[in-house]
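Open your viewer and get ready to click along.

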Amino acid sequence: MKPHSVTHLLATDLDGTLVGDADSLRRLLHYYEDEPYDVTLIYSTGRHLQSALSLIEEEGLPAPHILITDVGTEIYEGISGQPDRQWRAQITAQWFPERLAAAAASCKGLIPQDIPSRHRLSYTIQSEEPVRELEKKLAELQIPHKLIVSSGRDVDILPPNTGKGEALRYVLQSRGWQSANILVAGDSGNDHEMIALGYPAVIVGNAQQELYAMAEQPHIFRAVQYCAGGIHEAWEYFYGTSKAGVSK
Ligand SMILES: [Mg+2]
């Protein structure tokens, strides 16, 4: 297969970022259609594969080139459901779900979520306290892991070398796409690591407080517009041709 030539790339979260405002989503997609270049799409979501595919269909989203699901633990080629086997092998080597689940079960206030995921344990919380207890316990037991809290409500325990940031870094490196004109977009805590990678990034206007708390950095644009409108605004800022001084 001829390698896909990638000059412009949008790596975006779905719920609350690309999806959430139908009008601005439509305007963004039309805007991309009118540009002289193709925009390669990477979707990175906390949803599991089937749930992500349903959302893509329901919302009429363009098929992505890469679909990252389960908070950056699974990577698929487009919507084919074909997993990236090299990624899967490298994260499985550091995944100890039984030990992690036993530690979580001993913390009061972590309510297990029933999600069909292979490299992820998910819980709901009503306060921060169980998270602190869990962090302490996992550190004591020295079980490799990554803990992600999102929207002040969702807790995910993942293999240590995963998460949306690690997954995106892996995709860009393994495909040789690092030097494309990239925009990373997100709205909540599990997007933090991919926004912090150092590529041009946008925190959309409707983002959760946990993202707004990120330090100001030149590569991070804070949009006023919500959802896809914020992506549009940031794209214009970094790569737009209509504004003097920011064209590329
Ligand atoms: Mg989101």
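This is a predicted model: local features need pLDDT of at least 70, side-chain atom pairs count only at pLDDT 80 or more; totals for chains, interfaces and linings use all residues.

Strands, as the word is used here, are DSSP runs of E with at least two residues, numbered from the N terminus.

**First stop: a strand.** Select residues 181–186, which make up strand β10, and pick out Asn181 in it. Is Asn181 buried, partly exposed or exposed? Asn181 counts as partly exposed because it has 17 C-beta neighbours inside 10 Å, and being buried would take 20 or more.

**Next: the cores.** Please select Leu183, Val184, Val202 and Ile231. Within the largest nonpolar core, which has 48 residues, these four touch the most other members. Zoom in on Val184: beyond its neighbours within four places in sequence, Val184 contacts Ala11, Met194, Ile195, Leu197, Tyr199 and Ala201. A separate, second core has 13 residues, among them Leu100, Ala104, Val155 and Ile157.

**Then: a pair of helices.** Select α1 (residues 22–34) together with α9 (residues 227–239); their axes are 7 Å apart and meet at an angle of about 35°. Their crossing is left-handed. On the α1 side, show Ser24, Leu25, Arg27, Leu28 and Tyr31; on the α9 side, show Cys227, Ala228, Gly229, Ile231 and His232. Coloured by type, this contact has six nonpolar residues, three polar and one charged.

**Last stop: a single helix.** Select residues 129–141 for helix α5, whose 13 residues reach 19 Å from first C-alpha to last, close to the expected 18 Å. Just past α5, click Gln142, where phi is positive at about 55°.

Note on methods: Residues are numbered from 1 along each chain as its sequence is written. Axes are lines fitted to C-alpha atoms, for helices over the stretch in contact, and angles run from 0 to 180 degrees between N-to-C directions. Helices (H or I, at least four residues) and strands (E, at least two) are DSSP runs, numbered from the N terminus. A crossing is left-handed if the near helix is turned anticlockwise from the far one by less than a right angle, and right-handed if clockwise. Two residues are in contact if their C-beta atoms, placed from the backbone, lie within 7 Å. Ala, Val, Leu, Ile, Met, Phe, Trp, Tyr, Cys and Pro count as nonpolar, Asp, Glu, Lys and Arg as charged, and the others, Gly among them, as polar. A residue is buried if 20 or more other C-beta atoms lie within 10 Å of its own, exposed if 12 or fewer, and partly exposed in between; C-beta atoms are placed from the backbone. The expected span of a helix is 1.5 Å times one less than its number of residues. A nonpolar core is a set of buried Ala, Val, Leu, Ile, Met, Phe, Trp, Tyr and Cys residues joined through C-beta atoms within 7 Å.
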